[in-house]
Amino acid sequence: MKQIIDIHAHVYPEKIAIKAAQSIGRFYEIDMALDGTLNTYLSVSDKAGISLSVVHSAAVTWERVANINDFIASCVDAHPGRLIGYGTAHPDHPEAEKEMDRMMTLGLKGIKLHPDFQHFNLDDPASVRLFAMMAERDLPAIIHTGDTRYPYSEPERMARVLDAVPSLRVICAHMGGWSRWHDAWKVLAGREQVWVDCSSSLYAMTPEDAVSVMHHYGMDRVLFGVDYPMWYPDIEIGRVEALPLTEEEKEMVYYKNARAFLGLD
């Protein structure tokens, strides 16, 4: 069986998981496939053959950052070797640097940001300072990028951040630009700091178009992601299997690129 690493899974505490998942569904006008709990994620991802997952959540306000970081760390502690945790941050946090250091002591390995949920522009001065803090600590980021409905996460803003903080490593989620799949690469591809994941993208693209966009970024830059709880893992795997890629290219997407990005090789 092929190895599969899921780079993009949102998980929530049980008492709020269903509400959080429903809120995401309303935001994107897409019905959520699953309930957002860690137990459900582990069940469906194990069944699909996923052996390692990066779990995370984004803090809508800065006041929620610490609690989310604690929760993600507790998930990883309960499943060592199965999960890698990415914490969260917010440019409005009055002690963002201190919380980032605390997050690292919890064993979290990177930071998840969703500018459209968190209501900040990627290239605002406060945001750029936050990214600089991350780069100083060699903390990579998974960043929701792109949404034609909102200006916060425009790929062009992401490009300006990367110009300002050249040592920052980022996964620009959803092929570099959700709902902007066919033009985000024009400002993001070819940058040494940039990787993309294919989560919440293949459902909206033809297999040929998806592979064309992947080739713009480079096949060594594309990571597999489910975007749980939005999709079932086995369905997303099926979408990758339907792509006109070589077996070697599929292995790169499923796990080889992720192992390199996560420093597991």
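Helix H1 contributes eight residues to the lining of the largest pocket, the most of any contributor. Helices here are DSSP runs of H or I with at least four residues, strands are runs of E with at least two, and both are numbered from the N terminus. This is a predicted model, in which local features need pLDDT of at least 70, side-chain atom pairs count only at pLDDT 80 or more, and totals for chains, interfaces and linings use all residues. Residues are numbered from 1 along each chain as its sequence is written, and side-chain values use heavy atoms, leaving out hydrogens and water.

**The largest pocket**

Let's look at the pocket itself. A pocket is an open set of points on a 1 Å grid over the protein atoms alone, where a 1.4 Å probe fits, with protein on both sides within 12 Å along at least five of seven lines; lining residues have an atom within 4 Å of a point. Tyr12, Ala20, Ala58, Val60 and Arg64 lie nearest its centre.

**Helix H2**

H2 is followed by Gly49, with a positive phi near 95°.

**Thr145**

Thr145 sits in the loop between strand S6 (141-143) and helix H7 (155-164). Thr145 is buried, at a relative accessible area of 0%.

Conventions. Buried < 20%, exposed > 50% of the residue type's maximum accessible area, 1.4 Å probe, protein only.
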